[in-house]
Amino acid sequence: MKRLVYFNLPHNYLIQQLAKYPSLKVITPTSLAARALKVPHQSLETLAKRSLLEAGIRVAPILIALRLLHTAVSTVIQTSDVEGTTRALSSAVKAILRAGINLESLAAASSNRTQQLALLTQTYVSLVRERDMIDPAEVLWQASNVITKRQPVLIYGYFHPRIDQLNFLNAIADDGSVIVLPCPESSNFLDTQKAVECLQQQGWEVQVLAETNPSFGAQLQDCFLNRRIVPPEVKAYIYPHLESEVRGALAQVKTLLSQGTPANEIVLVARDDTLYGPTVLDVFCFGYS
């Protein structure tokens with residue numbers, strides 16, 4: 001059997017396939033994605049932590065990791081504000097570990113700041129290793145090295161996979177595994193195209209499922225990606241900022257409700273719910289027009 005990359009598979013089709021292959025473990029990044037497929041939620045991180053546990057490798061708790069990073073900062077960087085410097089550099093250290101960057105190569109960079117950041121990360125990692133632990137940002141990389149048994153998986157919802165996710169996925173996915181990615185032909189999906197190329201280099205094969213009767217959502221996707229005219233029943237609105245966009249959307253919801261549209265037939269969709277969520281709650285709680 002092969003490991004396959006599918007483009008634009010509708011979730012209804014996936015549900016049908018899962019019914020045929022109940023042994024296929026479904027992996028999704030969020031519980032919402034799992035709910036769409038009507039399966040329990042399991043993420044790549046869940047599988048990775050399970051593999052690390054079986055190998056006897058501990059993940060540093062957040063407070064311990066923060067304390068060790070604080071120690072590393074006080075050792076490497078001359079600053080009177082260790083707390084502030086630790087907070088400022090924490091994201092950069094985590095990003096380096098998550099990206100799997102070679103620290104020795106990073107330390108050889110010409111930039112003094114980059115060299116300092118590499119030394120800080122090396123010092124921090126050494127402190128974590130002394131306690132026989134790894135940083136949470138390393139979970140996928142480290143788990144990739146200790147996997148002893150592959151399993152067939154279906155990956156859905158990781159539409160912009162990071163390099164550590166791809167590495168772990170390739171390590172754990174057995175023959176018969178499938179990953180579903182969005183349309184790669186558009187210039188809007190350059191990161192996805194690179195991910196596909198990475199998977200192909202590891203032996204994955206690309207499969208394209210042609211839609212004979214594309215859904216309304218698929219038609220809108222095509223309009224957006226290829227700049228085609230939208231169907232006449234679709235209206236597009238442009239707002240100057242986030243709050244006005246939220247107020248406009250909620251006002252349309254209010255209009256639909258007043259016209260008798262059932263609430264369970266109205267859906268608000270956002271690419272990043274953490275970005276829109278607070279504003280939606282503020283506008284909703286304090287009223288909208």
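This report walks through a predicted model of one protein chain, from its overall make-up down to a few single residues.

## Ground rules

Since this is a predicted model, local features need pLDDT of at least 70 and side-chain atom pairs count only at pLDDT 80 or more, while totals for chains, interfaces and linings use all residues. Residues are numbered from 1 along each chain as its sequence is written, and side-chain values use heavy atoms, with hydrogens and water left out.

## The whole chain

Let's start with the big picture. The chain has 13 helices and seven strands; these are DSSP runs, numbered from the N terminus, with helices being H or I of at least four residues and strands being E of at least two. Its C-alpha atoms fill a box of roughly 65 × 55 × 35 Å along the principal axes.

Of the 289 residues, 36% count as buried (buried is under 20% relative accessible area, exposed is over 50%, and partly exposed is in between, using a 1.4 Å probe and protein chains only). Now for contacts, meaning heavy atoms within 4.5 Å. Among those with a separation of 6 or more, 66% come from residues 24 or more positions apart.

In soluble globular proteins, nonpolar side chains tend to be buried together. Here, a nonpolar core is a set of buried Ala, Val, Leu, Ile, Met, Phe, Trp, Tyr and Cys residues joined through side-chain atoms within 4.5 Å. The largest one has 27 residues, and Val5, Ile155, Phe168, Leu169 and Ile179 have the most contacts inside it. Two or more residues each come from β1 (4–7), α3 (44–54), α8 (139–144), β5 (153–155), α9, β6 and α10 (190–201). Helix α9 gives the most, with five residues.

Valine 5 touches a whole list of residues beyond four places away in sequence, including Ile179, Leu181, Val196 and Trp204.

## Helix α9 and its surroundings

Eight of the ten residues of α9 are buried, so this helix is largely enclosed by the rest of the structure. The buried ones are Asp164, Gln165, Leu166, Phe168, Leu169, Asn170, Ala171 and Ile172. They pack against α3, α5, α8, β5, β6 and α10.

Take α3 as one of those partners. The axes of α3 and α9 come within 11 Å and cross at roughly 60 degrees; axes are lines fitted to C-alpha atoms, for helices over the stretch in contact, and angles run from 0 to 180 degrees between N-to-C directions. The crossing is left-handed, which is the word for a near helix turned anticlockwise from the far one by less than a right angle, with right-handed being clockwise. Where they meet, α3 brings Leu44, Glu45, Leu47 and Ala48, and α9 brings Gln165, Phe168 and Ile172.

## Helices packed on α7

Two packed helices are described by the angle between their axes and the distance between the axes. Helix α4 (residues 62–76) packs on helix α7 (residues 112–130) at about 135 degrees, with axes 9 Å apart. That makes α4 oblique to α7 (under 35 degrees is roughly parallel, over 145 roughly antiparallel, 65 to 115 roughly perpendicular, and the rest oblique). Their crossing is right-handed. On the α4 side the meeting residues include Ala65, Leu68 and Leu69, and on the α7 side they include Gln116, Leu119 and Leu120.

Helix α5 also packs on α7, at about 75 degrees and with axes 10 Å apart. That makes α5 roughly perpendicular to α7. Among the residues making this contact are Leu89, Ala92 and Val93 of α5 and Leu117, Leu120 and Tyr124 of α7.

Serine 177 sits in the loop between α9 (163–172) and β6 (178–181). Serine 177 is buried, at 0% relative accessible area.

A polar atom of its side chain is 2.7 Å from the backbone oxygen of valine 82. Beyond four places in sequence, threonine 86 touches Leu66, Leu69, His70 and Val73. Finally, serine 51 is in helix α3 and counts as buried at 13% relative accessibility.

Definitions and conventions
A polar contact is a pair of N or O atoms within 3.5 Å; within protein, one must be able to donate a hydrogen and the other to accept it, and residues adjacent in sequence count only if both atoms are side-chain atoms.
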